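Colleague: Please take one part of this model and look at it closely. Then place it in the rest of the fold.

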Amino acid sequence: VKRTAVALLFLASCGSVDRPGHAGAPCPVCSVVPAPSPQVTSVPSVQATAPSPVARSIVVGPITFRTSVARVAQVFYIVDQLSEWSAWCHPQYKRWAEGRRLLGDEERALLADHKGLRSTGYGALDQAFYTDLDLDTAVARARDSHLMADAQLDTEHKVLAHFDRVLDPLLAEQRGTVLAFRDRMEVEAPQVGRVVSDLAAFAGVYVAQTLPLYLISNTDPRGGGGGYNGGFMEVEAGQYSMQTLIHESFHLVLSHRQKEIANAAQRCGAGLDEEALHEGIAYALSPGILHDEDPGQDALQRLVDDDRRRAPPATNDYVRDHRFGLALRPELESGLSRKGTLAAFLGGVCVTGKALQKEPWP
Ligand SMILES: [Zn+2]
């Protein structure tokens, strides 16, 4: 079934509207670590002077995505996942590479080098390699900008040059899918944008920003994920790309109220922390309220049902986020439809969180 923009459900006033779901497919994975960075709100200056033929601006409500399908950025992103430097790395890339016996001793050593460079988290590496430039030019630019030590830059240069060859067939094979997602994004942007604008109004924030968005080749068309870290957003092209983009866009708006969200979590205590609350709200919004699945189903309820069947502990991050999102959804939906405020909504999250902790699991 070809899904189009009409399949997107718009909520707020829609307590009675059926929510979409999906049949046995994996959920979009969120890799926000541990919470989006609110301070980086524009394209880093390193890139600002480098207009590129591969970038295209797509306006989604208050956010303008500078959307790129760039080779270096894709290789960097996939190497990042393969290196497993963080618990949030998406495992489908590793499974794929191992299944094709692409990771020998040399590759593993290079991934270990990358992981070592990542020990300081997000920052210079992202600024250097989320770029539309070719690899040699990107390295030269990073060197001129003193983004990191020369030796570190040389190491990453070697890693990315090697994996550029390893990943070449994947990038070639997936290019059509990635470009098709960008076209779809352009078509659906006005509708998604209205909901993002609604959330911005609800949160009482003025969001007017340009954000670099890198579209990434995926190894599992049924999977998908993305991230928003250090001022860059990435979305893996696949069946759930639109859902991921919507979820991450909500994170971006909510990041402007990070302090209020943190305060609400802290006031509550009782195991509710800032990240859990931020994710709970984001999941309540998407896929809880807005998603791109078939009408008549409930995507978030389905995630919780799947979790219950698989029965990981209640402390598992995804279980926590899905369940909390589902529990928060009615209040959030009601707040949005009444044109309430995020501040008022946050006043009630503690009661919801505590009630959820008392529920038996699985
Ligand atoms: Zn998230």
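Colleague: Q266 is found in helix α10, residues 258-268. Is Q266 buried or exposed, and how far apart are the C-alpha atoms of Q266 and C350? Please go on from there to the helix packing, the aromatic pairs and the backbone.

Modeller: This is a predicted model. Start with Q266 in α10. Its relative accessible area is 64%, so Q266 is exposed. The C-alpha atoms of Q266 and C350 are separated by 9.7 Å. Along the chain the two residues are 84 apart.

Next, the helix that spans residues 342-358, α14. Helix α13 (residues 317-337) packs with α14, and the axes are 10 Å apart. The angle is about 140 degrees. From α13 come R323, F324, A327, L328, E331 and L332. They meet F345, V349, T352, G353 and L356 in α14. By class, this contact of α13 with α14 has 7 nonpolar residues, 2 polar and 2 charged.

The crossing of α2 and α8 is right-handed. R71, Q74, V75 and I78 in α2 meet D168, L170 and L171 in α8. The residues of this contact divide into 4 nonpolar, 1 polar and 2 charged.

Now the aromatic side chains. The structure holds 8 aromatic pairs. One of them is Y130 with F232, with ring centres 5.4 Å apart. The planes stand at 35 degrees, so the pair is tilted. Y130 sits in the loop between α5 (124-129) and α6 (135-144). F232 is in strand β6, residues 232-236. The pair links distant parts of the chain, 102 residues apart. Y130 has a relative accessible area of 2%, so Y130 is buried. F232 is buried too, at 0%. F76, F129, Y130, Y214 and F232 form one aromatic cluster.

Most residues other than glycine have a negative phi, and most peptide bonds are trans. E84 is not a glycine, yet has a positive phi of about 50 degrees. E84 lies in the loop between α2 and α3 (92-99). With a relative accessible area of 40%, E84 is partly exposed. R101 is not a glycine either, and has a positive phi of about 55 degrees. R101 lies in the loop between α3 and α4 (105-117). Its relative accessibility is 79%, so R101 counts as exposed.

Two peptide bonds deserve a look. A cis bond joins S286 and P287, with omega about 15 degrees. P287 is in the loop between α11 (274-285) and α12 (299-310). The bond from W361 to P362 is also cis, with omega near 5 degrees. P362 is in the segment after α14.

Last, the whole chain. There are 14 helices and 6 strands in the protein chain. Of its 362 residues, 56% are buried. Take the contacts between residues at least 6 apart in sequence: 75% of them join residues at least 24 apart.

Technical notes. Residues are numbered from 1 along each chain as its sequence is written. This is a predicted model: local features need pLDDT of at least 70, side-chain atom pairs count only at pLDDT 80 or more; totals for chains, interfaces and linings use all residues. Side-chain values use heavy atoms; hydrogens and water are left out. Rings of Phe, Tyr and Trp (its six-membered ring) pair if their centres lie within 6.5 Å; planes under 30 degrees apart count as stacked, over 60 as edge-to-face and the rest as tilted. Helices (H or I, at least four residues) and strands (E, at least two) are DSSP runs, numbered from the N terminus. Buried means under 20% relative accessible area, exposed over 50%, partly exposed in between (1.4 Å probe, protein chains only). Axes are lines fitted to C-alpha atoms, for helices over the stretch in contact, and angles run from 0 to 180 degrees between N-to-C directions. Contact means heavy atoms within 4.5 Å. Ala, Val, Leu, Ile, Met, Phe, Trp, Tyr, Cys and Pro count as nonpolar, Asp, Glu, Lys and Arg as charged, and the others, Gly among them, as polar. A crossing is left-handed if the near helix is turned anticlockwise from the far one by less than a right angle, and right-handed if clockwise.
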